[in-house]
Amino acid sequence: MTQSAARRTLRDDRREPEDGSTDGPADKASDGDGGDIPASGADGGHRPRRRMLKWFAAVLALLLVGSAGAGYVYYRHLNGNIKQNPLNLGDHKVAEPTPNAAGQTPLNILLIGSDARDSEENQQLGGARETFGSTPLADVQMLLHLSADRTNMSVISMPRDTLVQIPQCTDPEDGTVYEASNGRTMTNQSLGHGGPGCTVATWQELTGIHIDHFVMVDFAGVVAMADAVGGVPVCVDANILSRDSKGHGSGLKLREGTHPVKGKQALQWLRTRYGFEDGSDLARAKAQHMYMNSLVRELRENATLSSPNKLRRLAEEATRALTVDPGLDTVKKLYDLSNELRKVEPERVTMTTMPNRYVGARVEPTEDAEQLFRLVREDIALDGKDEKPTEAEEKATSTEPAAPDARIAVQVVNGTRTDALAAASGRASTVTGILWEKGFTGAFAGTAGSLSRERTVVRYPSADLEGDAHRVAEVLGIPESSVRRSTDVSGVTLVVGADWREGTTYEAPEQDDTTPESAEALNGADDTACMKVNPAFTWS
């Protein structure tokens, strides 16, 4: 199947009723597209993604509210608006990242857009009356990574119909256990397995990235927020009318060039699929990235936010639309978070889409996706502007001196298994022998089954063992960047990866730290980006 044909299949399979009609329950369960909003003609497949923008508006505006002294007048009231759910409903945890030399750690926030129609306002915006109160879907998922030193920010969008393994999750309200998915299923269904904490668990299982917080936003308030910031500039390279002969489309109508959109028109922009590039979900995500970057710039610069009344309204709408984990359940906590986010200049913000390929009418992560996840795990800026630490600076991260080599206990684990190859036989015992020859008589081969690790790593559980871990890495020639703190180990643990399947000397492979082109990175300061209009949807 050609890529264009696959995209057409994808569009047909989603059955998005962009003509104002509604899907039946079976369609709702399969892809979450419940229908169009009336009159405005907003594109039924993407109502959730603009909620991500509401979240950006919420946290940044709340900062301004706080600094103006207006937000705290309604502090208790606004706190009462915010809903909360547990952070992680899965059984597995991902180790927190190791602090840098200055003791700083990255911050990872999962932004979730729910298609829930659980209120009259949400129902009016979302349409599809027969789906009122049905199981919500996480139709928008974006991971926001704030670097440890707060100099840069990376955002990864995951297409809503990415095929993933959803782990076992337990509903915190009634104790219902949702078994792990039998095979791969669409990632947006994770929200229906107990709540946003299962979406967090799904992301952590897929990416290996520790997630600190989530923010979930529903339909309500998007129009009011767009109005409150005075409009968000967007650009099209030709006149566009998102409506075909059968009534499909968001109804967005703009002339060629850059125009501020607000209210329902902003909602139409964020939902438009028919008319942008090839009409795929990926093109729509690109338009949303442009909008988000522009919105952040407006929030930084737009003087209309100096109005206390507009700020109060924005704070009211934002807090009513939010569901968060307990770590973000007050205006003060959101205020503190927005302070952290504002430290990053727009030119150091990088928006990406998880690299993917079609599997029938769905998509799956590619090898480039793992590259993107690794960069985030290792806190490497996606814009390529990181200043590399010197060898002395890397060694300075060890806060505790190492014990004598003979007194360092090291468990060696075989992690050489790959998707294509079985584990290399006897590697744990062989490397243990190498350590003994070098004086590490406390080294021993682990008895656990073989693991799958692309690169050889050294892990340690606590600061008092950090020096020992770095000493082991130094003796074997393992780079400092491969030494990390982890709560998954009980002592210094050497995992022999697929990059050391044979031989007695470790040779660290050259590591590519560039952002894959397939991630379609967009810089936050790029105010020249313009959406390409499909000629079939233009007008004169």
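Student: How many aromatic pairs does the ring rule count here?
Tutor: This is a predicted model, in which local features need pLDDT of at least 70 and side-chain atom pairs count only at pLDDT 80 or more, while totals for chains, interfaces and linings use all residues. Residues are numbered from 1 along each chain as its sequence is written, and side-chain values use heavy atoms, leaving out hydrogens and water. Rings of Phe, Tyr and Trp (its six-membered ring) pair if their centres lie within 6.5 Å. By this rule the number of aromatic pairs is 3.

Student: Which kind of pair do W269 and F276 form?
Tutor: Planes under 30 degrees apart count as stacked, over 60 as edge-to-face and the rest as tilted. The ring centres of W269 and F276 are 4.9 Å apart. Their planes stand at 65°, so the pair is edge-to-face.

Student: Is W269 buried or exposed?
Tutor: Buried means under 20% relative accessible area, exposed over 50%, and partly exposed in between (1.4 Å probe, protein chains only). W269 has a relative accessible area of 0%, so W269 is buried.

Student: How many residues apart in sequence are the parts that Y274 and F537 tie together?
Tutor: Y274 and F537 form a tilted aromatic pair, 6.1 Å centre to centre with 50° between the planes. Helices (H or I, at least four residues) and strands (E, at least two) are DSSP runs, numbered from the N terminus. Y274 lies in the loop between α8 (263-271) and α9 (281-301), and F537 in the segment after β23. So the pair ties together parts whose separation in residues is 263.

Student: Which residue of β14 stands opposite V215?
Tutor: Two strands pair if DSSP finds at least two bridges between them. β9 (residues 213-217) and β14 (residues 322-324) pair in the antiparallel sense over 3 bridges. Opposite V215 stands V324.

Student: Which strands stand at the edges of the open sheet?
Tutor: The sheet has 8 strands in the order β1-β14-β9-β2-β3-β4-β15-β23, with mixed pairing. Each edge strand has a single partner strand, so one side of each is left without a neighbour in the sheet. The edge strands are β1 and β23.
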